[in-house]
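Okay, everyone, thanks for coming.

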Amino acid sequence: MFEFESSCWSQGLQHVAGLDEVGYGAIAGPVAAAAVILPPDTRIEGVRDSKQIGSVKQRERLYDLIHEQAWDVGVGLCSPAEIDEINVLQAALKAMLRAIENLTLKPQHLLIDGIHRLPEAPCSQTTIKGGDNRSHTIAAASIIAKVSRDRIMRKLHLEHPEYGWITNVGYKSVKHREALSIHGPTRHHRQSFTLL
(Lines give C-alpha, C1' and ligand atoms only; values in the text may rest on other atoms or scores of the structure.)
Protein backbone atom coordinates (compact mmCIF):
# COMPACT_ATOMS: atom_id res chain seq x y z
CA MET A 1 0.00 0.00 0.00
CA PHE A 2 3.06 2.31 0.02
CA GLU A 3 4.74 1.45 -3.28
CA PHE A 4 3.71 4.66 -5.03
CA GLU A 5 4.21 6.89 -1.99
CA SER A 6 7.65 5.42 -1.27
CA SER A 7 8.76 6.12 -4.83
CA CYS A 8 7.80 9.78 -4.38
CA TRP A 9 9.32 10.09 -0.91
CA SER A 10 12.60 8.60 -2.15
CA GLN A 11 12.75 11.43 -4.71
CA GLY A 12 12.38 14.03 -1.97
CA LEU A 13 8.69 14.67 -2.66
CA GLN A 14 7.20 14.98 0.83
CA HIS A 15 3.78 16.44 0.05
CA VAL A 16 2.19 13.50 -1.78
CA ALA A 17 -1.58 13.91 -2.05
CA GLY A 18 -3.87 10.92 -2.51
CA LEU A 19 -7.12 11.68 -4.36
CA ASP A 20 -10.39 9.81 -4.65
CA GLU A 21 -14.03 10.59 -5.35
CA VAL A 22 -17.36 9.12 -4.31
CA GLY A 23 -20.91 9.46 -5.56
CA TYR A 24 -20.14 8.84 -9.23
CA GLY A 25 -23.00 6.40 -9.72
CA ALA A 26 -25.56 8.00 -7.41
CA ILE A 27 -28.71 9.57 -8.83
CA ALA A 28 -29.00 12.24 -6.12
CA GLY A 29 -26.55 14.42 -4.27
CA PRO A 30 -23.12 15.77 -5.18
CA VAL A 31 -19.94 14.09 -6.29
CA ALA A 32 -17.43 14.48 -3.47
CA ALA A 33 -13.66 14.21 -3.68
CA ALA A 34 -10.92 14.33 -1.08
CA ALA A 35 -7.21 15.04 -1.14
CA VAL A 36 -5.08 13.75 1.74
CA ILE A 37 -1.40 14.41 2.46
CA LEU A 38 0.06 12.04 5.06
CA PRO A 39 3.48 12.41 6.68
CA PRO A 40 5.98 9.97 5.10
CA ASP A 41 5.71 6.40 6.42
CA THR A 42 2.45 7.11 8.27
CA ARG A 43 0.33 3.99 8.51
CA ILE A 44 -3.16 4.34 9.98
CA GLU A 45 -4.48 0.97 11.13
CA GLY A 46 -7.74 0.01 9.43
CA VAL A 47 -7.44 2.42 6.49
CA ARG A 48 -8.48 0.74 3.24
CA ASP A 49 -10.91 1.31 0.38
CA SER A 50 -14.01 2.89 1.97
CA LYS A 51 -16.25 0.48 0.03
CA GLN A 52 -14.74 -2.36 2.07
CA ILE A 53 -15.67 -0.75 5.39
CA GLY A 54 -19.25 -1.74 6.08
CA SER A 55 -19.73 0.08 9.39
CA VAL A 56 -20.62 3.78 9.48
CA LYS A 57 -19.13 3.95 12.98
CA GLN A 58 -15.82 2.51 11.76
CA ARG A 59 -15.64 4.93 8.81
CA GLU A 60 -16.35 7.86 11.14
CA ARG A 61 -13.60 6.68 13.53
CA LEU A 62 -11.10 6.41 10.66
CA TYR A 63 -12.19 9.82 9.36
CA ASP A 64 -11.22 11.33 12.72
CA LEU A 65 -7.91 9.42 12.82
CA ILE A 66 -6.98 10.57 9.32
CA HIS A 67 -7.70 14.19 10.26
CA GLU A 68 -5.58 13.81 13.40
CA GLN A 69 -2.57 12.28 11.64
CA ALA A 70 -2.62 13.86 8.18
CA TRP A 71 -0.54 16.88 7.34
CA ASP A 72 -3.46 18.20 5.32
CA VAL A 73 -6.96 17.25 4.13
CA GLY A 74 -9.08 18.96 1.48
CA VAL A 75 -12.62 18.17 0.27
CA GLY A 76 -14.25 19.30 -2.98
CA LEU A 77 -17.83 18.98 -4.20
CA CYS A 78 -19.63 19.21 -7.52
CA SER A 79 -23.38 19.77 -7.35
CA PRO A 80 -26.10 17.84 -9.20
CA ALA A 81 -26.67 20.91 -11.42
CA GLU A 82 -22.99 20.95 -12.38
CA ILE A 83 -23.06 17.20 -13.02
CA ASP A 84 -26.02 17.70 -15.37
CA GLU A 85 -24.23 20.53 -17.15
CA ILE A 86 -20.76 19.04 -17.69
CA ASN A 87 -21.31 15.24 -17.16
CA VAL A 88 -20.35 13.16 -14.15
CA LEU A 89 -16.77 12.38 -15.23
CA GLN A 90 -15.90 16.06 -15.68
CA ALA A 91 -17.70 16.82 -12.41
CA ALA A 92 -15.63 14.20 -10.58
CA LEU A 93 -12.41 15.70 -11.96
CA LYS A 94 -13.57 19.19 -11.02
CA ALA A 95 -14.37 18.01 -7.47
CA MET A 96 -10.81 16.63 -7.22
CA LEU A 97 -9.36 19.97 -8.34
CA ARG A 98 -11.49 21.72 -5.72
CA ALA A 99 -10.23 19.28 -3.06
CA ILE A 100 -6.65 20.21 -4.00
CA GLU A 101 -7.54 23.92 -3.89
CA ASN A 102 -8.87 23.38 -0.35
CA LEU A 103 -5.52 22.04 0.86
CA THR A 104 -3.36 24.40 2.90
CA LEU A 105 -0.14 22.70 1.78
CA LYS A 106 0.87 22.76 -1.87
CA PRO A 107 1.12 19.15 -3.10
CA GLN A 108 4.30 18.08 -4.91
CA HIS A 109 2.77 14.98 -6.51
CA LEU A 110 -0.74 13.56 -6.91
CA LEU A 111 -1.76 9.91 -6.64
CA ILE A 112 -5.17 9.66 -8.30
CA ASP A 113 -7.56 6.73 -8.11
CA GLY A 114 -8.63 5.64 -11.58
CA ILE A 115 -7.39 6.13 -15.12
CA HIS A 116 -8.26 9.77 -15.78
CA ARG A 117 -5.59 12.44 -15.42
CA LEU A 118 -6.50 15.77 -13.88
CA PRO A 119 -6.53 18.68 -16.32
CA GLU A 120 -4.83 21.78 -14.94
CA ALA A 121 -3.21 19.78 -12.13
CA PRO A 122 -0.88 21.96 -10.03
CA CYS A 123 1.93 19.37 -10.06
CA SER A 124 2.95 15.99 -11.47
CA GLN A 125 0.44 13.15 -11.15
CA THR A 126 0.12 9.38 -11.29
CA THR A 127 -3.18 7.66 -12.07
CA ILE A 128 -3.63 4.27 -10.42
CA LYS A 129 -6.36 1.89 -11.51
CA GLY A 130 -7.83 0.40 -8.34
CA GLY A 131 -5.76 2.91 -6.39
CA ASP A 132 -7.93 2.77 -3.28
CA ASN A 133 -6.70 -0.83 -2.87
CA ARG A 134 -3.09 -0.10 -3.82
CA SER A 135 -2.25 3.18 -2.08
CA HIS A 136 -2.65 3.97 1.62
CA THR A 137 -2.97 7.69 0.85
CA ILE A 138 -5.69 7.16 -1.76
CA ALA A 139 -7.52 4.81 0.63
CA ALA A 140 -7.43 7.57 3.26
CA ALA A 141 -8.87 10.00 0.69
CA SER A 142 -11.63 7.53 -0.17
CA ILE A 143 -12.71 7.44 3.50
CA ILE A 144 -12.68 11.23 3.84
CA ALA A 145 -14.71 11.62 0.63
CA LYS A 146 -17.19 8.90 1.60
CA VAL A 147 -17.84 10.21 5.11
CA SER A 148 -18.08 13.82 3.87
CA ARG A 149 -20.64 12.92 1.22
CA ASP A 150 -22.63 10.61 3.52
CA ARG A 151 -22.95 13.43 6.04
CA ILE A 152 -24.35 15.69 3.33
CA MET A 153 -26.88 13.04 2.31
CA ARG A 154 -27.96 12.49 5.92
CA LYS A 155 -28.69 16.24 6.20
CA LEU A 156 -30.62 16.20 2.94
CA HIS A 157 -32.59 13.22 4.28
CA LEU A 158 -34.05 15.51 6.94
CA GLU A 159 -35.52 17.67 4.13
CA HIS A 160 -36.72 14.71 2.03
CA PRO A 161 -37.08 11.60 4.25
CA GLU A 162 -39.29 9.84 1.70
CA TYR A 163 -36.30 8.95 -0.52
CA GLY A 164 -34.41 7.00 2.15
CA TRP A 165 -31.15 8.89 1.68
CA ILE A 166 -30.12 8.13 5.24
CA THR A 167 -29.42 4.56 4.12
CA ASN A 168 -29.06 4.65 0.31
CA VAL A 169 -27.15 8.01 0.31
CA GLY A 170 -28.58 8.92 -3.09
CA TYR A 171 -27.94 5.65 -4.91
CA LYS A 172 -30.70 3.66 -6.59
CA SER A 173 -32.57 1.42 -4.20
CA VAL A 174 -36.07 -0.01 -4.19
CA LYS A 175 -37.26 2.64 -1.71
CA HIS A 176 -35.58 5.45 -3.63
CA ARG A 177 -37.13 4.39 -6.92
CA GLU A 178 -40.57 3.92 -5.36
CA ALA A 179 -40.39 7.42 -3.84
CA LEU A 180 -39.38 8.86 -7.22
CA SER A 181 -42.37 7.25 -8.92
CA ILE A 182 -44.68 8.82 -6.30
CA HIS A 183 -43.08 12.19 -5.57
CA GLY A 184 -40.88 12.83 -8.60
CA PRO A 185 -37.34 14.22 -8.45
CA THR A 186 -36.06 17.00 -6.18
CA ARG A 187 -33.49 19.68 -7.04
CA HIS A 188 -30.93 17.32 -5.48
CA HIS A 189 -31.52 14.67 -8.15
CA ARG A 190 -29.38 14.48 -11.27
CA GLN A 191 -31.79 15.25 -14.07
CA SER A 192 -29.42 13.89 -16.73
CA PHE A 193 -29.46 10.42 -15.12
CA THR A 194 -32.02 7.69 -15.62
CA LEU A 195 -33.75 8.03 -12.28
CA LEU A 196 -36.10 5.03 -12.35
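So, strand β1, residues 16-22, is joined to β2 by six bridges, and the two run antiparallel. Two strands pair if DSSP finds at least two bridges between them. Before I go on: what we have here is a predicted model, where local features need pLDDT of at least 70, side-chain atom pairs count only at pLDDT 80 or more, and totals for chains, interfaces and linings use all residues. Residues are numbered from 1 along each chain as its sequence is written, and side-chain values use heavy atoms, with hydrogens and water left out.

Back to β2. This strand also pairs with β3, residues 72-78, in the antiparallel sense, over seven bridges. Take A35 as a landmark: L19 is its bridge partner, and A35 stands opposite G74 in β3.

Why is β2 largely enclosed by the rest of the structure? Seven of the seven residues in β2, residues 31-37, are buried, so the strand ends up largely enclosed. By buried I mean under 20% relative accessible area; exposed is over 50%, and partly exposed is in between, with a 1.4 Å probe and protein chains only. V31, A33, A35 and I37 point one way, while A32, A34 and V36 point the other way, and all are buried.

Now over to helix α2, residues 56-69, which is where you'll find R59. R59 counts as buried, at 8% relative accessibility. Leaving out residues up to four places away in sequence, R59 touches S50, I53, G54, I143, K146, V147 and D150, where contact means heavy atoms within 4.5 Å.

On to the rings. There are two aromatic pairs in the structure. F2 and W9 make a tilted one, 6.1 Å centre to centre with 40° between the planes. Y163 and W165 form a stacked one, at 5.2 Å and 20°. For the cut-offs, rings of Phe, Tyr and Trp (its six-membered ring) pair if their centres lie within 6.5 Å; planes under 30 degrees apart are stacked, over 60 edge-to-face, and the rest tilted. F2 is buried at 13%, W9 is buried at 12%, and Y163 and W165 are buried too.

Notes. Helix = DSSP H or I, 4+ residues; strand = E, 2+ residues; numbered from the N terminus.
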